[in-house]
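Biologist: Please give me a close look at a single part, the interface. Where does it sit, and what is it made of?

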Amino acid sequence: MSSKRKLHKWSIDFSGHGRSKSDRQVQVQDIRAPVGYTESTGTIVEQSGKEADQKLIDKRSWDIALGPLKQIPMNFFIMWMAGNSISIFPIMMVGMMFFKPIQAFISVQNTFVMIEGSQAIIQKFIYIFGNFVCLMLAMYKCQTMGLLPTHASDWLAFMDPQKRMEWSGGGLYY
Amino acid sequence: MKKFGRSMMTGNILLLLGVLQTLPISQALYEDQIGKFDWHQQYVGKITDMFWDQSFNAGKRVLVSSERHVLASVHSHNGSLAWRKVLEDGPRGRIDKTLHSGNLLVTLTGGGRFVRKWNAGSGLADWEVSLPGSKSGRADLVQCGRDLLAVMIQDAVYGLDPRSGRQKWSVALPQSNQVVYTHLFTSGTNLFVIGQSLGQQVTRVTVDMEGVVRSTESVKAPWLSESTQCEVTNGGVLICYRSEDQSLQTLTLTDGQVFKSTSLQILGLEPSEEVSMETVRKVEEPLIFLRTAKNHMALLELTNDGVKLKKDLPSICAAQVVSLDDKSMLFTLERIPGELKMKVYDLETGSEMADLYQTITYLPQHGYPQRIEVLMFKKRDLRLGCRFAILSEDYSMQMVLKAGKIAWRREEALAYVLSVEMIDLPVSENQAKYEDEFGSHKDDIATMFMKRFKTQISQLKTYIQQQLQKLQGHRHHHHDTEAMAESGSDDDDEDLTRDEFNLNKLIVLVTGAGKVFGVRSTNGHIEWEHFFPELAPFDGNNQQKLLLFVQRTTAHFPNPPQCTVVGKHKGTGNGFLFSFNPISGEPVDTPPTGQVLNYRITQTSMLGELDDHFLRGILLMDPDNQIHVFPGKCLSVLKKTFGSQYMFVADRETGFIKGYRTVPNQGKFLMENVWTVNLQKKQQTITQVVGKRPLEQVHSQGRVLGDRSVLYRYLNPNLVVVVTEGEFIEQSQRGGVFNTINLYLLDSVTGHMVFHCSHKRAKGPITVVHSENWVVYNYFNQKSRRLEMAVLELYEGKEQSNSTAFSSFSSPRQPLVLRQSYIMPLFISTMATTVTEKGITSKQIIFALKLGGLLALPKALLDPRRPLVPTQETMEEGTIPYIPELPVNAEAIINYNQSLYNVQGIHTSPAGLESTSLVLSYGLDLYFTRVQPSKMFDVLKEDFDYFFISAVLLGMFVVTIATQKLSARRALSRAWK
């Protein structure tokens, strides 16, 4: 099939029927522009807005980079709203708080592609830092809810019983 | 489906990983669950008196009275109880005499304290008369004609009206402070009261029917001693047997002035140690049976000239004289291997009545028959017929209705259970092959592969077979009626294989009658039984004790499980051992009749380590402090581990507790005394020494507090609780003597006194439950006059001294002891704690109430950390605020309406499910059930709505597919726009 399509690209079908979309495109590209049409308008805009564009890129990159940090006050609010009791909604909220930064870390490659410009390194650093803070916040929430195994009591169930060193038996004289 | 009740008190919620930990107070069962996993067996105890019911349903019932204070009526066709009356505990309830004639059934109990007339049909009491009672405990009761019942107690004779119980007259007996009155007899119009003065005389008081003393005479009897047995026969002859010179002394009550002596040798009987007399009541002639051995009797006739041998009955073990239509017959039973031979003789002619002769199949594990009770009747064709009940040496009661066959039997030995163990059933054949595969490590890969292949093929085969059987319908069992009649079981029991959750066990019961039973836990049927006439319990401390050790469990396939009973030999007092496979009941290592040792056993213990074949040896200590290992092959284990093997012996007589260590000495092992604790015998007596279960599983090493720190438990496996009871004289103005109780927590290896507490003005009997790191005990508070429960819990503190091993030599010296006490609103007879497989499930304490219930309360109610004022922290910890009274609600009674009498003990055992613990309560009744202290968390409930859940799942699946289709269509149409 693919070989057939390739064949179509370089051949002209005079019969006119059975043309596929790609064939049409090929033809459109082949046809020259009409008289009076210039393609230079785009370049003019490009030339005039080059500086502003850079600013926009920076601004957009900063938006991306500061995104996680901006969520922190919101997270605080959610944390406060959720309270310390363990029930389905606080657990879901804590889950979301964990999920977001982890997701961000996983897709960090894609995000970094979007971050361009001169301050990219700082922005990337800030982006990672922001997510890290979010993660810490989630950890803190877990800590306040008592979900982190930081106490000796959390490891109690894994302790083996003590080995018995001496055996003794007896009782009342029969 | 009506619910019996279910209450759940959701205590304080412990916040841990989003799991709600609730505290179930109880979980009662539904009405349709009754009898599904519990069973109840009612017994009467060793039968002392037996009568064929002569009232409205003559011949249909047997009235029995027993030494366990029970009066009962037994259906003669199947042996079930028509009614049963359990009389008072202790000496107040002892049945002195049961009298049955015609419609009259009267008992005299408590040493003449109570006379009660019963309705033989319904078991209801018609009337009761309370009398002062007899100081000597001797009392007698006779019927004189239709209108008078005469009751003799130590110092008086009372005449009662049998219809109303009204007292007609009473007469004081002369010299009642010197003479012990023992017998009451009626002859003609006179009552004779026989009194004995040891070494001096026999007093005869004649009282007439109006309650007037006619005469008081004494007959010289200088030979009268403690061991003299006296009986009064029909026809008014007093006969006494002197064991000193093996002679019989007779005295005619109406006119006799001197005793006439007849020696056993003159009668041609061989004297022996165990001579006893059995009266003959059903005929008028003065006859009496003399028993010289278990299987030798003689029928004696008493004449004015002395004793005459009427008939020598060699090799006869039970006999009775019965009369029908003025014809007296002698029934005799002879035991020959596998059978009983019954011969009947005409008493007048002495000839045998051949048409009544029969042989009865009889199992050897009942020992010798001891008594028969015959009911004679005329059949329609005027031939004589008889049915009779047999009482045997092993306390069993058997009934012969049709010639030659035992119709049913009652194993009354089961009312005397002393030790219980529940043994896992063996796995099925296929499972065993798997075990075999993993059991041996020597095989190479190829053979292991072949083994695996074979097992899976055979598994597939059994699966297909099962499916085929299912298709064919219910499988047919081979019914062997003959065998059924012999074994007494009337059901088609399946093979003894383990079920999915290992809930069904084989219960091994060791009874004080010397009988060992293997009983199925599913239905309580007897699987096997062994009777040892020579096995007796240890009875050194007013408490009978027979020990049962599980030497190897079922877990070590292909090695068979092994249990051992340790008791003492009846005759010599030496040790008596019987070792057996608890599943099949077959003897192992010891002969089938048991092994008698050549030394006495003073104390026993078990080895800490298993031998190569996973057998745990038993250590037996003899009076010379030498240690013996049973079986002998486990000696090698002791040779290796003697350094860690200790023992202790508490002596009630001296008040000393002595600790011993094992030392090798010329190829033997001796016990060397290393410590001694003196508990001051002058002030108090050691009543109990309670250790922990030797192989107890404790899951949690500590307890989580409200601030999430850990309080580590003091889990000393060698800790024992020693209870002493004593009296003290109060020094205050009022004075008086009060009881006191002391509790000592002792390390049995080092003798270190870990804790001591004392309760003044408190009295026993004390029951102690000792498990994990806690001790629960009860006592009677004399000051407040109520029963109280106290609990002690021991903790090491917030740091654990050694998390891997526990040695008594390096343990923390003074653990933290927390204690609290509570009011128990009901009186209890005993208590126990539940045990589960891994010890994860929270514990329950099961109380046997005197009212007849088994009350299960969570251990959390008996927790010394229950706060007086609940705070946030205690709520976090999950402790219930302190309330002095323990709650008793009807739903917590696990035996619902099946009342249990005289509960002697409760045995708990783990099941394969962690949530479940099996409970057997024993005493007069046996009751088996299972409890789930933390509810059934590992299995779906029986009423789980499978249909609803699967419908919802299916519905969601359908909806998912439908919406997927719909959304695809929607997307397509949107793309077209």
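Modeller: One annotation before the interface. UniProt lists residues 944-963 of chain B as "transmembrane region", in an unreviewed entry. UniProt positions follow the numbering used here, feature names are shortened, and annotations may be inferred rather than shown by experiment. The end C-alpha atoms of that span lie 30 Å apart, and the span is 90% helix and 0% strand. Helices (H or I, at least four residues) and strands (E, at least two) are DSSP runs, numbered from the N terminus.

This is a predicted model: local features need pLDDT of at least 70, side-chain atom pairs count only at pLDDT 80 or more, and totals for chains, interfaces and linings use all residues. Residues are numbered from 1 along each chain as its sequence is written, chains are lettered from A and ligands numbered from 1 in the order in which they are written, and side-chain values use heavy atoms, leaving out hydrogens and water.

Now the interface. On chain B, 58 residues are in contact (heavy atoms within 4.5 Å) with 26 residues of chain A. About 3,600 Å² is buried between the chains, and carbon and sulfur atoms give 54% of that. Buried area is the accessible area (1.4 Å probe) that two parts lose on being put together, summed over both.

The rule finds one salt bridge across this interface. A salt bridge puts a side-chain nitrogen of Lys or Arg within 4 Å of a carboxyl oxygen of Asp or Glu. Here A:Asp154 meets B:Arg708 at 2.9 Å, N to O. Several elements of chain B give two or more residues to the side that touches chain A, including β45 (603-610), β48 (645-651) and β61 (805-806). β48(B) gives the largest share, seven residues.

β61(B) also pairs with strand β1 (residues 163-164) of chain A, in the parallel sense, over two bridges. Strands pair if DSSP finds at least two bridges between them. There, A:Arg164 has B:Phe806 as its bridge partner.

Next, the neighbours of β48(B). Strand β49 (residues 656-665) of chain B pairs with β48(B) in the antiparallel sense over six bridges. B:Asp651 stands opposite B:Phe656 in β49(B). Four residues lie between the two strands of this hairpin, where B:Gly655 takes a positive phi near 80°. β49(B) then pairs with strand β50 (residues 668-678) of chain B, antiparallel, over 10 bridges. B:Thr662 has B:Met671 as its bridge partner in β50(B). The hairpin of β49(B) and β50(B) has two residues between the strands, and B:Gln666 in the turn has a positive phi of about 50°.
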